[in-house]
Amino acid sequence: MKTAKLSFLIAGALFSVASVSAQASSVKTVNSQSTYSNTVSNIADSLSINDVNISLTKEDLVKAKNFDLSNQEYAKYKYIMEYTPRGKWTPDIDPVIALGNTAKTEEERIKYAKLAYKQRTERERLETAFAMTMIKVEQQNDPNSPRWMNWEQKKEFALKDTPVMANASGYANTETVDVFLDPTLCVNDARCLVRMTSTLQAKQPQTMLKYHLYNATDESTKKFKATLASKYRSKLAGVSFVDQGSKQPAKALPYMTVNSQGKNKTISLI
């Protein structure tokens, strides 16, 4: 009787262990299936690029649409960034530029160049509009601060009690305006570009205007000059540009100095 009872207890214990193991295995299998199912359900498309299968998630399809690209083009972009040197050279490059840089034909390059231009001009339009609204709001909240004066007001403030026009004998009095800036930063700052174009807009016939460029590159200098020319090309005559290299500026950029009749004023353009 004792032997039979002991055998029954051992069999019950073994059954319990087997049952717990089976349940654990079942839970693990369900979790694994659930994870796999979630992953698969997020894959919205799959395309072959150079015999490599590229999966596009639902998020990828949204990004493709927002960059004005087809699913095939966005898959090609993912292939470029994952499997070619371009992904290492410029890991943060945007899809349109990546596709343009790896285009094989002039027709493709023109297509992506036009798309990049469209997106850049739209971005600059929105950034400029927001920068102007920022200035307007700041002026409304602190209208008496010289910081928010426009360029003409700052110039008037700087030249207060200083004669700048022709004297009684008819000889013109030359004023010298020097503007100091970092074009690499300025061309990517809508508010800075607005203020720089304002300095050119305010230029008078007797004004000697000079832009001092710090940490400039050929590209940033070219873009800065093009921005000025797009607004006030006729006033660029006589304007000079001085490359200051990597010199340390005297004040925080950008700023300007106005000199007339031996009197000099320095004004921040930040």
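Axes here are lines fitted to C-alpha atoms, for helices over the stretch in contact. Keep that in mind as you work through this predicted model.

**Exercise 1.** Work out how helix 9 and helix 10 are oriented to each other.

*Solution.* Start with the axes: those of helix 9 and helix 10 come within 10 Å and cross at roughly 55 degrees. Next, the cut-offs: under 35 degrees counts as roughly parallel, and 65 to 115 as roughly perpendicular. As for handedness, helix 9 passes helix 10 in a right-handed crossing.

Now the residues. Helix 9 brings Leu193, Met196, Thr197, Leu200 and Gln201, which meet Phe224, Thr227, Leu228, Lys231 and Tyr232 of helix 10. Sorted by type, the residues of this contact come out as six nonpolar, three polar and one charged.

**Exercise 2.** Is Thr227 buried or exposed?

*Solution.* First place the residue: Thr227 sits in helix 10 (residues 218–232). Its relative accessible area is 18%, and buried means under 20%, so Thr227 is buried. Then check its partners: leaving aside neighbours within four places in sequence, Thr227 is in contact with Leu193 and Thr197.

**Exercise 3.** Work out how helix 6 and helix 9 are oriented to each other.

*Solution.* Helix 6 (residues 106–141) packs against helix 9 (residues 190–201) at an angle of about 80 degrees, and their axes are 8 Å apart. Helix 6 and helix 9 are therefore roughly perpendicular. On the helix 6 side, the contact uses Glu127, Thr128, Ala131, Met132, Ile135 and Glu138; helix 9 supplies Ala190, Arg191, Val194 and Arg195. By type, that's five nonpolar, one polar and four charged.

Methods:
Residues numbered from 1 in each chain as written. Predicted model: local features only at pLDDT ≥ 70, side-chain atom pairs only at ≥ 80, totals over all residues. Heavy atoms only, no water. Axes fitted to C-alpha atoms, helices over the stretch in contact; angles between N-to-C directions. Helix = DSSP H or I, 4+ residues; strand = E, 2+ residues; numbered from the N terminus. Parallel < 35°, antiparallel > 145°, perpendicular 65-115°, else oblique. Contact = heavy atoms within 4.5 Å. Nonpolar A, V, L, I, M, F, W, Y, C, P; charged D, E, K, R; others polar. Buried < 20%, exposed > 50% of the residue type's maximum accessible area, 1.4 Å probe, protein only. Left-handed = near helix turned anticlockwise from the far one by under 90°.
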